[in-house]
Amino acid sequence: MNRVANIYLKACINGARTPDQHPALPVTPEQLAAEAAAAHQAGARAVHLHPKTAEGTDSLLAAEVDAAVAAVRHAVPGLPLGVTTGFWTLPDPQQRVRAVESWTVLPDFASLNWHEPGSPELAEVLLGRGIGVEAGIFHAEAAQSWAASDLAAHCMRVMVELGPDADTATADELIKLIGTAGSPAPVLLHGSDRSCWPLLEHAGALGVQTRIGFEDTLLLPDGSRADGNAALVSAAVELLSR
């Protein structure tokens with residue numbers, strides 16, 4: 001049986017990167033829609049994106065979020081679609097809440113880094129709007145805080161999000177801490193840059209969800225530069241199928 005059929009692979013198609021880092025990084029609604037469609041065709045079961053201004057910087061404002069979500073919805077109807085709520089994008093808890101409240105074209109889910117100021121309060125706003133919450137866990141303190149929260153039971157996914165120098169032991173420790181919550185939310189594990197491919201393979205070995213895309217790496221497993229998100233998704237599918 002093909003192992004990848006049992007693995008949930010999400011494409012994170014741009015992240016906080018800017019176009020100077022890769023000429024194919026999607027910025028406009030049309031580019032985001034095209035990359036989402038290509039990633040889905042390559043095997044991604046969901047897509048996560050960062051709506052951006054014309055200059056390529058992340059935005060939580062309705063003008064950019066509504067346009068990005070609408071474009072992807074039109075290009076790939078029914079594909080589960082999520083957006084960022086990263087605090088760096090709008091570093092004021094109340095402004096971040098007001099921005100999310102102003103969205104008129106709603107994504108299916110939003111990622112929410114649990115260690116960022118005001119995240120539990122924003123989680124309640126997202127849930128109140130019918131938007132699923134992906135809790136992002138970067139370290140043990142965040143894992144313990146999330147596990148102790150009443151909101152843990154209501155999150156649709158909890159993501160172990162690790163940096164370039166992370167290893168599988170760190171991932172296992174955080175997954176164990178997350179497990180103390182008794183939450184029904186599935187775990188997604190991913191790394192970034194140097195740790196991206198080793199942790200994706202570890203996620204496959206553990207049987208937890210994972211993700212791939214320009215947000216996490218610009219390079220294929222052999223070290224060559226990927227020409228787009230579809231190439232990264234295809235490489236991930238191949239690794240997870242072994």
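Among contacts in the chain between residues at least 6 apart in sequence, what percentage joins residues at least 24 apart? The figure is 67%, where contact means heavy atoms within 4.5 Å.

Okay, quick word on what we're looking at. This is a predicted model, so local features need pLDDT of at least 70 and side-chain atom pairs count only at pLDDT 80 or more, while totals for chains, interfaces and linings use all residues. Residues are numbered from 1 along each chain as its sequence is written, and side-chain values use heavy atoms, with hydrogens and water left out.

Let's start with the whole chain. You'll find 8 helices and 8 strands in it; these are DSSP runs numbered from the N terminus, with helices being H or I of at least four residues and strands being E of at least two. The radius of gyration is 17 Å, close to the 18 Å from the globule rule for 242 residues, so the chain is as compact as a globular protein of that length. That radius is taken over C-alpha atoms, and the rule is 2.2 Å times the number of residues to the power 0.38. Along the principal axes, the C-alpha atoms fill a box of roughly 45 × 40 × 30 Å.

Now, the surface. The accessible surface of the chain comes to about 10,000 Å², and 54% of that belongs to carbon and sulfur atoms. Those areas come from the Shrake-Rupley method with a 1.4 Å probe, and for residues only the protein chains shown count as cover. Of the 242 residues, 55% count as buried. Buried means under 20% relative accessible area, exposed means over 50%, and partly exposed is in between, again with a 1.4 Å probe and protein chains only.

For charge, there are 15 positive and 28 negative side chains, with the centres of the two sets 4 Å apart. Lys and Arg count as positive, Asp and Glu as negative, and His and the chain ends are not counted. Each charge is placed at NZ of Lys, CZ of Arg, CG of Asp or CD of Glu.

On to the inside. Which residues have the most contacts inside the largest nonpolar core? They are Leu126, Trp146, Ile212 and Val233, in a core of 73 residues. Helix 8, residues 229–240, gives the largest share of this core, with 7 residues. A nonpolar core here is a set of buried Ala, Val, Leu, Ile, Met, Phe, Trp, Tyr and Cys residues joined through side-chain atoms within 4.5 Å.

Take Val233 from that list. Leaving aside neighbours within four places in sequence, Val233 is in contact with residues including Leu9, Ala39, Ala42 and Ile212. Ala42 sits in helix 1, and beyond four places in sequence Ala42 touches Ala230, Val233, Ser234 and Val237.

Is Val27 buried or exposed? Val27 is buried, at 8% relative accessible area. Not counting residues up to four places away, its partners include Pro19, Leu32 and Lys52.

Now some residues with a bit more showing. Pro221 is in the loop between strand 8 (209–212) and helix 8, and is partly exposed at 46%. By C-alpha atoms, Pro221 and Leu127 are separated by 37 Å.

Asp193 lies in the loop between strand 7 (187–190) and helix 7 (196–206). Its phi is near 50°, a positive value in a residue other than glycine, and Asp193 is partly exposed at 36%.

Last stop is Glu173, in helix 6, residues 168–179. Glu173 counts as partly exposed at 46% relative accessibility. Glu173 and His139 are 34 residues apart along the chain, with their C-alpha atoms separated by 9.5 Å.
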